[in-house]
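Let's take a friendly walk through a protein fold. Have the sequence and the 3D view open as you read.

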Amino acid sequence: MDELLDILDERGSPTGEVVWKSEAHRRGLFHRCFHCWVAGEDAAGFYLLVQRRHLAKDTWPGYLDVTAAGHLRSGEEPLAGGLRELEEELGLRVEPGRLVSLGTRRIEQEMPQGRDREFHDVFLLLEGTPPGDLRLQEGEVEAVLRVGLDEVEALGAGQVSCAPAKEYAGGEASDKRVRLSDFVPNEDGYLRRVAGAARRVLAGEEPGPIF
């Protein structure tokens, strides 16, 4: 779905220009996105939830990604846009104070449609809703996967080649093994950094900005 975005300069400041998302990608213009990683604890221990992007997505279809994410619409504040994305993609209504800021991430990445240049406002949410009870947005989210936090850290650090996971889709759960190559590519150790921050928060510590 195309939508109007506010364009930023290379430092993340608004330029006053507003363009369609497709044009921003085609021209490689900086814009802002919301990222929220969901972590929790169950009988098996600490875990991180990741999203499998819908197979019909125009970018990275079927790849694993941040639990909930989206572009901020023109004039939209990060928290307001983020809470909207959490409800749309996962069916979660969340109070703003529950989101833990992990900082702002700057990325530049080649894509089939052009060049993706984004500033990500990254947050962590501790959530107790069982993964199988989440209401996934049709056409956007194919599934969510529960991956143990130890396994996520080891995978993100390159210490293991794959990790066990439980995938939830269409009211069913199945066992999977995931590899780092299953995730949307990144060159800044994104998964490892987030897993470390989640571990600190779950232990009652301050995560600190990770970017």
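## Getting started

Helices (H or I, at least four residues) and strands (E, at least two) are DSSP runs, numbered from the N terminus. Just after helix 3, for example, Gly-158 has a positive phi of about 75 degrees.

This is a predicted model, in which local features need pLDDT of at least 70 and side-chain atom pairs count only at pLDDT 80 or more, while totals for chains, interfaces and linings use all residues. Residues are numbered from 1 along each chain as its sequence is written, and side-chain values use heavy atoms, leaving out hydrogens and water.

## A hairpin

Look at strand 7 (residues 100-111) and strand 8 (residues 114-126): they run antiparallel and are joined by 11 bridges. Two strands pair if DSSP finds at least two bridges between them. This pair forms a hairpin with 2 residues between the strands, and Glu-110 stands opposite Arg-115 in strand 8.

## The nonpolar cores

A nonpolar core is a set of buried Ala, Val, Leu, Ile, Met, Phe, Trp, Tyr and Cys residues joined through side-chain atoms within 4.5 Å. Buried means under 20% relative accessible area (1.4 Å probe, protein chains only).

The largest core has 28 residues, and Trp-37, Leu-48, Val-50, Leu-124, Val-178 and Leu-191 touch the most other members. Helix 4 (190-202) is among the elements that each supply at least two residues; its share, 8 residues, is the largest. A second, separate core of 18 residues includes Val-38 and Phe-123.

## Around helix 3

Which residues of helix 3 are buried? They are Leu-149, Val-152, Ala-154, Leu-155 and Gly-156. Their cover includes strand 4, strand 9 and helix 4, judged by contact (heavy atoms within 4.5 Å).

How values were computed: Buried < 20%, exposed > 50% of the residue type's maximum accessible area, 1.4 Å probe, protein only.
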